[in-house]
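Dear colleague,

Please find below the structure that I am handing over to you. My notes on it follow.

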Amino acid sequence: MSGSVRAHRQRLIEAGLRRLEVHARPADAQLIRHLARSLARDDREGAWLRKALEALVPDRKGPSFKEWQASADDSDEE
């Protein structure tokens, strides 16, 4: 990794930001970039957007494999 890349990443860390890689459809790329820039700012717009997105986007995290397996075992006993 070059020194300039390392310095850039260090500045992100110092600013309290985290570098992410996301996969998106080409049609959504510009929107996601705009959302990311807005969320990165610690201002009213960013706070409002964060709150709106949290309300609109469901947490789709499903059960872990162990939880899924345990629920399958429970249904087998019936």
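How are H2 and H3 oriented to each other? In this predicted model, local features need pLDDT of at least 70 and side-chain atom pairs count only at pLDDT 80 or more, while totals for chains, interfaces and linings use all residues. Residues are numbered from 1 along each chain as its sequence is written, and side-chain values use heavy atoms, leaving out hydrogens and water.

Helix H2 (residues 26-40) packs against helix H3 (residues 44-56) at an angle of about 120°, and their axes are 7 Å apart. H2 and H3 are therefore oblique to each other (angles under 35 degrees are roughly parallel, over 145 roughly antiparallel, 65 to 115 roughly perpendicular, and the rest oblique). Helices are DSSP runs of H or I with at least four residues, numbered from the N terminus. In H2, Leu 35, Ser 38 and Leu 39 meet Glu 45, Gly 46, Leu 49, Arg 50 and Leu 53 of H3, where contact means heavy atoms within 4.5 Å.

The whole structure holds 1 aromatic pair. Phe 65 and Trp 68 form this tilted pair, at 5.7 Å centre to centre and with 35° between the planes (ring centres, with the six-membered ring for Trp, lie within 6.5 Å; planes under 30 degrees apart are stacked, over 60 edge-to-face, and the rest tilted). Phe 65 and Trp 68 are separated by about one helical turn because they lie 3 residues apart in helix H4 (residues 65-76).

Yours sincerely

Terms used. Axes are lines fitted to C-alpha atoms, for helices over the stretch in contact, and angles run from 0 to 180 degrees between N-to-C directions. Helices (H or I, at least four residues) and strands (E, at least two) are DSSP runs, numbered from the N terminus.
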